[in-house]
Structure formats: structure tokens, C-alpha cells
Amino acid sequence: MKIDCTIDGKTLTLSLNSDKPLSLILRENMGDDGAVNHCNGEMCGLCTVLVDGKAMLSCLVPAFEIRGKTVVTFDSFRKTRNMKDIEKAYEAAGRFPCSECYASRSLIFESLIEEGITDEEEILKELSIVRCPCMDPEDAISIVRKGIEIRRKRNVRRTQLA
Amino acid sequence: MYEGLSSPNIHTPANLSEYASIILHYPASSLWAGGTFIMSRPDAYPSHRMNAEIIYLGEIEEMHRFQRNDRFAEFGAMVTLDEIMSTGKTVLPRALIENIQTIGSRLITRRATLGGAIAAKDFTTSFPGTLIALDATVEVRFMKKKRLHSRWMPLTRLLDRSGRIALPPQGLISRVRIAFSDKNCQFFSQAGSFMLAPEDSVSAAFTASLDQDILINPKIAITYPLHGICYSRDIDSIFSSLRFPLDDDEENTLESMIFTFVESSFPDISPLQKTRTRGIMRSIIDTLNERSLTSSEEE
């Protein structure tokens with residue numbers, strides 16, 4: 001099956017099995033085996049990617065569902081201004097995720113910051129998919145809140161300049 | 001790595017009449033809703049079936065609709081659990097909200113759909129049990145004489161003898177209607193993870209109105225993911241014949257009656273499932289006892 005999609009800013013036409021999980025596409029077809037895990041649907045949370053700006057588990061997304069969609073992995077996301085905001089939030093909170101869950105947590109934080117979610121319960125629920133115990137819940141909440149604040153300030157500055 | 005071995009054909013109908021014509025041509029097709037259950041199986045990829053046909057329901061617009069009036073909420077089967085939470089958190093029955101909340105992260109609820117949660121193949125999620133306890137009705141579309149027919153029916157009518165949801169051949173659930181319940185006792189409890197450890201998990205949904213120490217219209221459904229739903233009107237009527245609070249003897253008798261039924265329906269459930277079921281039953285009875293004592297004190 002031919003699938004047109006945009007992965008990490010590149011517009012691609014891939015010839016794939018229609019039910020191939022996105023996590024395997026990224027590892028085998030895109031060579032992104034460092035940042036994306038393939039847990040065979042065990043929902044480890046370490047295969048998170050952004051599909052049209054929303055965090056998703058790539059092991060649950062079949063190839064036919066990414067037709068015409070934009071997929072962003074941590075590999076390209078880490079070079080963006082949005083990641084800089086999240087790094088600033090990590091510094092402000094004085095906590096960084098461990099190397100194992102850094103990519104997936106950062107992408108989930110991005111999804112939460114973009115949606116402007118400040119509710120403690122919702123933040124913790126969204127992050128509960130990552131089972132790595134390297135971060136306290138309070139730290140995660142403060143990172144999201146700090147991230148929203150930093151993003152808002154940057155957006156205000158940008159509109160003032162425009 | 002496995003490309004070209006057995007790539008299934010994907011059909012994406014835009015409406016139900018297109019679905020009808022596809023299912024007529026490919027009667028052995030598999031239906032694909034959110035895909036969370038299918039993709040989480042260890043042998044999901046590569047597909048073992050050659051020339052498999054998949055009908056993806058995500059493009060059918062009428063199955064994404066949500067409407068409500070003062071009596072009920074009606075969801076299209078492709079409405080995601082996350083959308084249900086965001087549209088109806090304040091008005092929907094508590095048991096359903098608690099059920100969705102146990103799923104956890106929105107990374108999963110954003111993809112899991114109501115219809116898929118009810119009609120998952122060879123697996124029972126916690127949702128049908130909760131919907132049975134809430135007297136939900138579903139619209140089933142099915143093929144008859146080469147035409148797509150529709151029928152509303154209570155979810156209990158779809159339960160087969162083994163406690164699984166059984167749809168007619170080539171049938172699908174298109175809408176789910178959930179009444180706004182005025183029942184003042186609603187519980188949902190789950191022990192274990194249905195997706196990660198289905199052999200040891202159990203969930204139970206209970207709804208009733210507690211009025212002057214008597215339960216009116218009680219309904220209880222216990223779900224074992226690999227076995228099915230344990231629901232019986234006989235158990236409901238045992239509950240309605242009781243006067244709360246129960247003493248220890250009455251509690252033990254009730255528990256053993258329920259267990260006799262559970263064990264006769266599902267003799268293969270694991271010891272952990274039995275212990276967990278007992279724990280959930282105890283907590284439901286304790287809460288009912290507590291409620292009845294509190295209400296009698298208030299009076």
C-alpha cells in the first residue's frame with residue numbers, strides 16, 4: 001500500500017503493509033531506532049510521537065491511519081523552539097527526565113503545553129502512560145505550568161514584534 | 001522487513017450505505033474502529049491472514065455524532081472515550097465516567113472508541129458491563145436480504161450464553177444511547193489491568209436507587225476480560241429483596257449466592273480473579289451499608 005505522509009518535515013510516499021505500526025515504520029523505514037521504542041503494543045509510553053500536534057503511542061497507530069498526516073518524532077522536535085521552551089521549564093523546575101524517558105516525556109509535555117492544560121489530575125493522567133519513576137508528580141505538574149507560562153510569554157513577544 | 005507478505009486491503013467508507021456495499025462484496029472483512037485493542041495484541045503485525053480485508057470505520061461521519069436531550073445522551077460508535085469525557089463529564093452517569101477514568105492516559109482514550117470498546121473481538125472490555133448496569137441501548141446495523149437494517153435494542157440482548165457481546169453476522173453497532181440516570185448508588189471498580197494482565201483482572205459496575213434501606217432497580221455486571229460478562233436478573237432480584245444495612249451473616253449469604261452464580265458461569269477464572277471479585281463485592285456491600293446507615297441517621 002502506498003502511503004503519503006509527512007514525517008519530521010519530509011513529505012514522503014512510503015510503500016508499506018497497511019497495518020504496520022508507526023513505531024516499526026519509524027524504526028525500520030526511517031532508521032529512527034534511537035528515539036522510538038517498539039514494545040509490541042505493551043503501552044510502555046516510550047514510543048510517543050506527535051501526530052498532527054497530538055501525542056500518540058506510535059505502536060497503536062497503523063500505517064493506513066497516517067495517510068495525509070504530519071508525524072513529528074523527538075529527533076526533529078528537539079531542534080525546535082518549542083523544545084527550547086520545555087528545556088527552560090525543566091531548568092526552572094530543577095528537574096530533568098532520565099535519558100530513557102526524556103523523548104517521550106518531552107513530547108507529552110509539548111502536547112499538554114500546546115493544549116494549555118493546567119489541571120493537576122489531567123496532567124498526571126496523561127503522564128501516567130510513562131511508567132519510568134524518574135520524576136515526581138509535583139515536578140511534572142510544575143514543568144507543565146512553567147512551560148505554558150514560557151510559551152505564552154514567547155507568543156506575546158512574537159505578536160508584539162509583528 | 002515484512003513488507004508485501006500479507007498487506008491487508010483497507011476500505012474506508014464515508015457513510016453507512018458505502019459500508020453496506022463494501023460488506024456485501026467482502027463479507028469476511030474485519031471491522032476497525034480505534035484499533036487500540038487490535039494493535040496492542042502481540043501478534044497484531046504482521047497479519048497472519050492472507051488477503052485480509054479491513055473496513056476502517058473512522059471516516060463514517062454519522063458515527064462521530066453526539067447529541068443529548070433532557071433524558072439521554074446518544075453517542076455515535078466512533079466517538080472516542082476522550083470526547084465522551086470532554087462533552088459529558090458533568091451530565092453522564094458516574095459509573096461511566098469512573099470507568100473511562102480507570103483507563104488512564106489520554107494517549108489511549110483519545111484513540112479508543114465507544115463502539116470498539118463494546119464490540120472488541122474475543123475480548124471483553126469493562127465498558128459493556130458498565131453500560132448494561134446503566135440500561136444502555138445500542139443501535140445495531142445488520143445486513144438482511146442485501147440491505148442494511150437497523151434496530152435499537154438493550155445491550156443485554158446482545159449477550160450470548162457465554163457472556164460475550166455477539167453481533168449478527170456483518171453487523172455493527174452504530175449508536176449508543178445512555179439514559180441520564182437518577183440512581184443514587186453507582187459504583188464502578190476495576191482490579192488489575194485489562195490490557196496488560198487480562199487473565200487476572202476483573203471489573204464490576206453496580207447501579208441502584210437506595211430508598212428507605214431498600215434497593216430499587218439494582219443492576220450488577222461483573223466483567224472478566226477473557227471470559228465475558230457475568231450478568232443475571234436473578235442476582236439483581238436478590239439485591240432488591242434485601243434490606244440494608246446487612247449484618248455479617250446476610251453479607252456472607254449474599255456473597256456466596258453471587259459466587260455460586262459466577263463460578264457456574266465462568267468455572268475457569270483464576271484464583272486472583274476470585275479474590276478480587278470478592279474484594280469488589282465487599283466494598284460495594286460496605287458502601288451500601290454505610291449509605292443506608294447515613295441516610296437513616298439523617299432521617
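Two residues are in contact when their C-beta atoms, placed from the backbone, lie within 7 Å. On that basis, the buried residues of helix α1 in chain A pack against strands β3 (48-51) and β5 (70-72) of chain A. The model described here is predicted.

**Overall form of chain A**

- Six helices and five strands make up the secondary structure of chain A.
- Read from the N terminus, the elements follow the order β-β-α-β-β-β-α-α-α-α-α.
- Chain A is as compact as a globular protein of its length, because its radius of gyration of 16 Å is close to the 15 Å that the globule rule gives for 162 residues.
- Along the principal axes, the C-alpha atoms of chain A fill a box of roughly 45 × 40 × 25 Å.
- Buried residues account for 46% of the 162 residues of chain A.
- Of the contacts in chain A between residues at least 6 apart in sequence, 63% link residues at least 24 apart.

**Helix α1 of chain A**

- Helix α1(A) spans residues 22-29 and is mostly covered, with six of its eight residues buried.
- The buried residues are L22(A), S23(A), L24(A), I25(A), L26(A) and R27(A).
- The packing partners of these buried residues are β3 and β5 of chain A.

**Contact between chains A and B**

- The contact between the two chains involves 26 residues of chain A and 26 residues of chain B.
- On the side of chain A that touches chain B, β4 (54-57) and α5 (120-127) of chain A each supply at least two residues.
- The element that gives the most to this side of chain A is β4(A), with four residues.
- By class, the side of chain A that touches chain B holds twelve nonpolar, seven polar and seven charged residues.

**Domains of chain A**

- Chain A is assigned two domains, with domain 1 covering 2-73 and domain 2 covering 81-161.
- The C-alpha centres of domain 1 and domain 2 of chain A are 22 Å apart.
- Eleven residues from domain 1 of chain A and eleven residues from domain 2 of chain A take part in the contact between them.
- On the side of domain 1 of chain A that touches domain 2 of chain A, β3 and β4 of chain A each contribute at least two residues.
- The largest share of that side, three residues, comes from β3(A).
- The residues of this side of domain 1 of chain A comprise seven nonpolar, three polar and one charged.

**Domains of chain B**

- The assignment for chain B gives domain 1 (9-59), domain 2 (61-179) and domain 3 (185-298).
- Taken over C-alpha atoms, the centres of domain 1 and domain 2 of chain B are separated by 18 Å.
- The contact between these two domains draws 15 residues from domain 1 of chain B and 21 residues from domain 2 of chain B.
- On the side of domain 1 of chain B that touches domain 2 of chain B, the elements giving two or more residues are α1 (16-25) and α2 (36-39) of chain B.
- Helix α1(B) gives the most to that side, with four residues.
- By class, this side of domain 1 of chain B has ten nonpolar, five polar and no charged residues.

Terms used:
Residues numbered from 1 in each chain as written. Chains lettered and ligands numbered in written order. Predicted model: local features only at pLDDT ≥ 70, side-chain atom pairs only at ≥ 80, totals over all residues. Rg over C-alpha atoms; globule rule 2.2 N^0.38 Å. Buried ≥ 20, exposed ≤ 12 C-beta atoms within 10 Å, placed from the backbone. Nonpolar A, V, L, I, M, F, W, Y, C, P; charged D, E, K, R; others polar. Domains from an automatic or database assignment.
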